[in-house]
Amino acid sequence: MIFPSTVAGSLPKPAWLAEPNKLWPKWQLSGAELAQAKLDATLLAVKEQEDAGIDIVCDGEMSRQHFVHGFLEYVDGIDFSNKVEMGIRADRYKAMVPVVRGALSLKGRVHQAEARHAREHTKKQLKITLPGAMTIADTVADAHYGNRAKMALAFADLLNKEARALEADGVDVIQFDEPAFNVFMDEVPTWGVEALHRAIDGLTCKTAVHICYGYGIKANIDWKNALGDEWRQYEIFFPALAKSRIKQVSIEVIHSHVPMKLLALLEGKDVLAGVIDVANDKVETPEEVAAVIKDVMQVVPKEHIVACTNCGMAPMRRDIAEAKLRALGAGVKLAREKWG
Ligand code: ZN
């Protein structure tokens, strides 16, 4: 199929599950009720994507409070009771972060329940996302490993364990979210790719890495405004990714200042091109979506183009996110009619 569509990962949570429009929402339920509500919301997320015509559906990240901490909750060796303040993403935000105090290990399965539930309820290809090792290492304080790359590689081994289990659950695509690649560009070739390789070791399913400029929250919008007319961060590490064993790269395109020619540096990879803006509530038209696909076709062979959202939609209003999913589905349909 030409121009398959997918989402970067998260979708807004229903108000009965968690506080709406927040990046770190409080759950509205607890215990067994919360566990069931997460699965119910997963089913809704899958259904909404199917109805919008999305080809590779996600669980919508309904079961995690935050894309990094949803994973960390299942890791032993981390002290959550004495958080410390740390500047993350090179000081773009200050956050209270947990501290790594010992050797890391997984307590058990992280995303088994929602992955199996989604798998049971859809015949579409299923994607599950995990935080990338470099991004995790930039979101926790280290009082044990003494070296950020070394700690990231330890996290990569845990990610690999969960990723192998997700593959066995029937997941078709496993994606690692690495917004930190856009901040520590020089470290991607030196150890970021090595950490990715550790995380995908032994997988036979499709593997992806998502590298974005963040959710549409104020700190990110201010940062983007400070990056100038041409965003060239991707240029520094795309050559290393092109040589890597990762199969797909998810990036921002629509309304970004990334020069289109940089996408040519991803030769041989599937490019998950962002054709839906998540930092803006204005719903794209199918024509706008198709026009972005046409622009990407100038530098990426069309059999390597996957139409995607720029980033996750977790903090967005539900009705807007659903309208944007439909615009994505309709835009891809139009592009197939024109150039398929
Ligand atoms: Zn993102």
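**Ground rule for angles.** I am working on a predicted model here.

Which residues of α9 meet α10? I get Pro-286, Glu-287, Val-289, Ala-290, Ile-293 and Met-297. On the α10 side I wrote down Ala-327, Leu-328, Ala-330, Gly-331, Val-332, Leu-334, Ala-335, Lys-338 and Trp-339. Sorted by class, this α9–α10 contact holds 12 nonpolar residues, 1 polar and 2 charged.

**Entry 1: the seven-stranded sheet.** Next I traced the sheet of 7 strands. It is open, its pairing is parallel, and the order reads β1-β4-β6-β7-β8-β9-β10. Which strands sit at the edges? They are β1 (56–58) and β10 (305–309), each of which pairs on one side only. Ignoring direction, I find neighbouring strands of this sheet turned by 30° against each other on average.

β1 pairs with strand β4 (residues 125–131) in the parallel sense, over 3 bridges. For Ile-56, the bridge partner in β4 is Gln-125. Back to α10: this helix packs on the sheet and touches β9 (270–276) and β10. Its direction makes about 125° with that of β9.

**Entry 2: the three-stranded sheet.** There is also an open sheet of 3 strands, in the order β2-β3-β5, and here the pairing is mixed. I marked β2 (75–88) and β5 (141–142) as its edge strands, since each was listed as pairing on one side only. Strand β3 (residues 93–106) pairs with β5 in the parallel sense, over 2 bridges. Opposite Ala-141 in β5 I find Val-99.

What packs on this sheet? Helix α5 (residues 148–168) does, touching β2, β3 and β5. The direction of α5 makes about 70° with that of β3.

**Entry 3: α5 against α6.** I stayed with α5 and looked at its packing with helix α6 (residues 187–200). The angle is about 25° and the axes are 7 Å apart. That makes α5 and α6 roughly parallel to each other. The crossing of this pair is right-handed.

For the contact I listed Ala-149, Ala-152, Leu-153, Ala-156, Asp-157, Leu-159, Asn-160 and Ala-163 in α5. They meet Trp-191, Ala-195, Arg-198, Ala-199 and Ile-200 in α6. By class I count 10 nonpolar, 1 polar and 2 charged residues in the α5–α6 contact.

**Entry 4: α1 against α3.** The crossing of α1 and α3 is right-handed.

What does α1 bring to the contact? I have Lys-38, Leu-39, Thr-42, Leu-43 and Val-46, which meet Ala-113, Glu-114, His-117, Ala-118 and His-121 in α3. The α1–α3 contact comes out as 5 nonpolar, 3 polar and 2 charged residues.

**Entry 5: the whole chain.** I finished by stepping back. How many helices and strands does the chain have? I read 10 helices and 10 strands. The radius of gyration of the chain is 19 Å, close to the 20 Å from the globule rule for 340 residues, so I call the chain as compact as a globular protein of that length. Taken along the principal axes, the C-alpha atoms fill a box of roughly 55 × 45 × 40 Å.

Technical notes:
Residues numbered from 1 in each chain as written. Predicted model: local features only at pLDDT ≥ 70, side-chain atom pairs only at ≥ 80, totals over all residues. Left-handed = near helix turned anticlockwise from the far one by under 90°. Helix = DSSP H or I, 4+ residues; strand = E, 2+ residues; numbered from the N terminus. Contact = placed C-beta atoms within 7 Å. Nonpolar A, V, L, I, M, F, W, Y, C, P; charged D, E, K, R; others polar. Pairing = 2+ DSSP bridges. Axes fitted to C-alpha atoms, helices over the stretch in contact; angles between N-to-C directions. Rg over C-alpha atoms; globule rule 2.2 N^0.38 Å. Parallel < 35°, antiparallel > 145°, perpendicular 65-115°, else oblique.
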